[in-house]
Amino acid sequence: MAAPDEPVGGLADWAPEAWPLAPDWQPIWQRFLASAAGQRVAQRVRERLSAGACIYPSQPLRALALTPLAHTRVVILGQDPYHGAGQAEGLAFSVPAGQKAPPSLRNIHAELQRTHGRMPRTGSLQGWARQGVLLLNTTLTVEDGRPASHAHWGWEAFTDAIIAHCAEHGSPKAFLLWGAHAQSKRALIDAQRHLVLQANHPSPLSARRPPLPFIGCGHFETVDRWLSGRGEKTIDWFAE
């Protein structure tokens, strides 16, 4: 098992008891593991591993290890992990330091360049996670070279519960919903209580297109103004 700060590879086996996560997420995780959906995910992952599939990442719960519920201030939703070797590190949109940024992450960097006048030095978003930005993929595993291969296996029951719990507990949060998949989770969030921002997905296919282009959305500035208005520390979007 890789240490939390090391680049991650693929799952060696199904060993959820060894996956680190913050204690305040544990009750939701344990309920999921005991549920029919959790047992279905476990069975299918074990079957695919037994068949020789390479499944990423080695730490599917890494977002929940680096960002406890009590520290969560911003939620950014992705769809599923990157499906290339050495890319997935258990954080939505993030790749390990030293890895080339994929297209969607390059557009995230481009929006930061537009609003803040400089580019991040790394594709890893661990620095965001440690400041309370929950980078949650709604499907937590994927097979090498097969995007969305584990979608609708049952992971969504767990990640929907995480989103709903975030919305129902603790302080108000900023939810950044990029693309139709993330926006489909809006019903889980009380927009009267939280800041909910929507834009197209940062993928090159949609980042500059109407109705809500990602490039030009200004979400990073808006989040910081909102946090500042609440008397909270803003996010250092360039932290490593």
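Q: What does tryptophan 128 touch, not counting residues up to four places away in sequence?
A: Beyond those sequence neighbours, tryptophan 128 touches Ile76, Ile108, Leu112, Val133, Leu135, Phe220, Asp236 and Trp237, where contact means heavy atoms within 4.5 Å.

Q: What should I keep in mind about the model and the numbering?
A: This is a predicted model, in which local features need pLDDT of at least 70 and side-chain atom pairs count only at pLDDT 80 or more, whereas totals for chains, interfaces and linings use all residues. Residues are numbered from 1 along each chain as its sequence is written, and side-chain values use heavy atoms, with hydrogens and water left out.

Q: Which residues have the most contacts inside the largest nonpolar core?
A: They are Trp25 and Trp128, in a core of 72 residues. A nonpolar core is here a set of buried Ala, Val, Leu, Ile, Met, Phe, Trp, Tyr and Cys residues joined through side-chain atoms within 4.5 Å, and buried means under 20% relative accessible area, with over 50% called exposed and anything in between partly exposed (1.4 Å probe, protein chains only).

Q: And which helix gives the most to this core?
A: Helix 6, residues 155–168, gives the most to the core, with six residues. Helices (H or I, at least four residues) and strands (E, at least two) are DSSP runs, numbered from the N terminus.

Q: OK, changing topic: how much space lies in the largest pocket?
A: About 400 Å³, and of the 20 residues lining the pocket, Asp80, Pro81, Tyr82, Ser104 and His201 are the closest to its centre. On a 1 Å grid over the protein atoms alone, a pocket is an open set of points with protein on both sides within 12 Å along at least five of seven lines, a cavity is a set of points where a 1.4 Å probe fits but cannot get out, and lining residues have an atom within 4 Å of a point. Grid points are joined across faces, edges and corners, and a volume is the space filled by probe spheres set on the points.

Q: What's the make-up of the lining of the largest pocket by class?
A: The lining has eight nonpolar, ten polar and two charged residues, counting Ala, Val, Leu, Ile, Met, Phe, Trp, Tyr, Cys and Pro as nonpolar, Asp, Glu, Lys and Arg as charged, and the others, Gly among them, as polar.

Q: What does UniProt place at Asp80?
A: The UniProt record, an unreviewed entry, places the feature "active site" there; its positions are given in the numbering used here, feature names are shortened, and annotations may be inferred rather than shown by experiment.

Q: Where does aspartate 80 sit, then?
A: Aspartate 80 is in the loop between strand 2 (74–78) and helix 4 (103–116). Leaving aside its neighbours within four places in sequence, aspartate 80 is in contact with Asn137, Thr139, Val142, Pro147, Ala148 and Ser149.

Q: What about the phi of alanine 148?
A: Phi of alanine 148 is near 60°, a positive value in a residue other than glycine. Alanine 148 lies in the loop between strand 4 (142–143) and helix 6, and counts as partly exposed at 40% relative accessibility. Histidine 152 lies in the loop between strand 4 and helix 6 too, with a positive phi near 65°, and counts as exposed at 71% relative accessibility.

Q: How many cavities of 30 Å³ or more does the structure hold?
A: The structure holds two. The largest cavity has about 60 Å³ of space, and strand 3 gives the most to its lining, with three residues. The second largest cavity, with about 40 Å³, is lined by His109, Pro120, Thr122, Ser124, Leu125, Trp128, Trp237, Phe238 and Ala239.
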